[in-house]
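Open the model in your viewer and keep the selection tool at hand. This tour goes stop by stop, saying what to select and what is there.

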Amino acid sequence: MEGRAPTMSDRGEAPRYLENWQDEVDSAAEYRAMAAGEPNPRLAKVYANLAEMEDAHIAFWEGRLRTAGASVPPRRPSWRSRVLAAIARRLGPELVLATIAAKEEVDQNVYLDQPETASTRMSAQERWHAMVLKQLVATQPAGLEGSFLGRLEGRHRSVGGNALRAAVLGANDGLCSNLGLVMGVAGAAIDSHGILVTGLAGLLAGACSMALGEWVSVTSSRELAQREIRIEAGELAEDPEGEGEELKLIYEAKGLSPGEAETMVRHLLADRASAVDALAREELGIDPKQLGGSAWEAAITSFALFAIGAVVPILPFLVATGGIAVASSVVISALGLLGIGTAITLFTGAPVWRSGGRQLLLGLATAGVTFGVGKLIGMTLTG
């Protein structure tokens, strides 16, 4: 096939071939970095095997590009892939696992409508990649625990859940809220010292509020889960046969035969602790060993992430005063917003200009509104 002259149709398909090729180059680089950063040899081998499969896909699309008469560029991952690979290699693959799994989930059927892959196993392999990563996300630790990450997953579930994403969004909360506060008091014509004090107070108040909220949330969640487990344990003591029947139905619904489900339940009921554990997991959806994570870890992490973002708008007021400090605050906050928008593209795959620009416009719009409100209030009080 590669020896024949490329047709007009071949040349028209070259951009699609190149896009497929780049996606495979990115995936191979990410999996290879995950293998390098994974301390568990068995998991590292899984990631290495995935990279080898992607290498075969790369070679396939390189062949198609040559058939179309197109040049094959060097195998260079995209900037997004290089960042994810660097994080996986240096900080551990669990930080990027959910992000890469979400991408594989979206792209698992990308080859179904492409005739070039019809006679290959590439579509099946892509679906298998998505299934493997989905299982790893469900079974591997995902970095931060507790309601802080859980709450962010609830607000931003579409971009995948991991600690890195939680860090980005936590810093964004601090930056946007304190920028609005600083610009509000600046609009009211308060002097630079007053703005600095207000900004520091906003940082501490916001970070403490976030930390307290996470501590209360994680603690309450754990207490609620423990209560439900105690109730389930009481029901087991009062009616072991009834609880066993519930477990049997659950296991049958998962695909076990009645005989297999009966055998499993009988073994579980022979050990009360195992039976309670199984009931908590299967009936309540609670893992008794991980009841929401550490409340103090969630609180400290939430405090730190909020403070990192909140300190940005007040930095200029530490070294400057007046309009220069206000303008500098807007500039470095704008850079911070652009940086956060760029970081978010690691999870969404959206163009940098779109994500960064949107983050910048929304943040500056917030600052503009609060500055205007502060100015009105200042004029009213001095008028």
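**Stop 1: a salt bridge across the chain**

Select Arg16 and Glu116. Their side chains meet in a salt bridge, 2.7 Å from N to O. The pair links distant parts of the chain, 100 residues apart. Arg16 sits in helix 1, while Glu116 sits in the loop between helix 4 (94-107) and helix 5 (122-139). Keep in mind that this is a predicted model.

Now show the surface. Is Glu116 buried or exposed? Glu116 is buried, because its relative accessible area is 12% and buried means under 20%. Arg16 has 23% relative accessibility, so Arg16 counts as partly exposed.

Glu13 forms a salt bridge with Arg16, and the closest N and O atoms are 2.8 Å apart. Both residues lie in helix 1 (residues 8-37). They are 3 residues apart, about one turn of the helix. Glu13 counts as partly exposed, at 28% relative accessibility. Keep the three residues on screen: Glu13, Arg16 and Glu116 are linked in a network of salt bridges.

**Stop 2: from helix 1 to helix 2**

Select Arg32 and Asp55. Here the side chains meet in another salt bridge, with 2.5 Å from N to O. Arg32 lies in helix 1 and Asp55 in helix 2, so the pair ties together parts that are 23 residues apart in sequence. Arg32 is partly exposed, with a relative accessible area of 40%. Asp55 is also partly exposed, at 24%. The structure holds 6 salt bridges.

Stay in helix 2 (residues 41-67) and pick His57. With which side chain does the side chain of His57 make a polar contact? The partner is Glu24, at 3.3 Å. His57 is buried, since its relative accessible area is 2%.

**Stop 3: the whole chain**

Zoom out and color by secondary structure. Which elements make up the chain? There are 14 helices and 0 strands. From the N terminus on, the order reads α-α-α-α-α-α-α-α-α-α-α-α-α-α. The chain has 383 residues, and buried residues make up 44% of them.

**Stop 4: a nonpolar patch**

Switch to a surface view. Select Trp79, Val83 and Val352. These residues make a nonpolar surface patch of about 210 Å². Val83 is found in helix 3 (residues 79-91). Val83 is partly exposed, with a relative accessible area of 30%.

**Stop 5: a turn of the backbone angle**

Go back to the cartoon view and select Ala189. Ala189 lies in the loop between helix 7 (163-187) and helix 8. What is the phi of Ala189 near? It is near 70°, a positive value in a residue other than glycine. Most residues other than glycine have a negative phi. Ala189 counts as exposed, because its relative accessibility is 67%.

**Stop 6: along helix 8**

Follow helix 8 and select Ala233. Ala233 is buried, with a relative accessible area of 13%.

**Stop 7: a negative patch**

Bring the surface back. Select Glu235, Glu238, Asp239, Glu241, Glu245 and Glu246. Together they form a negative surface patch. Which helices each supply at least two of its residues? They are helix 8 (192-238) and helix 9 (240-253). The largest share, 3 residues, comes from helix 9.

Finish on Glu235. Its place is in helix 8. Glu235 is partly exposed, with a relative accessible area of 32%.

- The network of Glu13, Arg16 and Glu116, linked by salt bridges.
- The salt bridge between Arg32 and Asp55.
- The polar contact between the side chains of His57 and Glu24.
- The nonpolar surface patch of Trp79, Val83 and Val352.
- Ala189, with its positive phi.
- The negative surface patch, with Glu235 among its residues.

How values were computed
Residues are numbered from 1 along each chain as its sequence is written. This is a predicted model: local features need pLDDT of at least 70, side-chain atom pairs count only at pLDDT 80 or more; totals for chains, interfaces and linings use all residues. Side-chain values use heavy atoms; hydrogens and water are left out. Patches are made of residues with over 30% relative accessible area and no salt bridge: like charges are joined within 9 Å, nonpolar side chains (Val, Leu, Ile, Met, Phe, Trp, Tyr) within 5 Å. Accessible areas come from the Shrake-Rupley method with a 1.4 Å probe; for residues, only the protein chains shown count as cover. A salt bridge is a side-chain nitrogen of Lys or Arg within 4 Å of a carboxyl oxygen of Asp or Glu. Lys and Arg count as positive and Asp and Glu as negative; His and the chain ends are not counted. The place of a charge is taken as NZ of Lys, CZ of Arg, CG of Asp or CD of Glu. Helices (H or I, at least four residues) and strands (E, at least two) are DSSP runs, numbered from the N terminus. Buried means under 20% relative accessible area, exposed over 50%, partly exposed in between (1.4 Å probe, protein chains only). A polar contact is a pair of N or O atoms within 3.5 Å; within protein, one must be able to donate a hydrogen and the other to accept it, and residues adjacent in sequence count only if both atoms are side-chain atoms.
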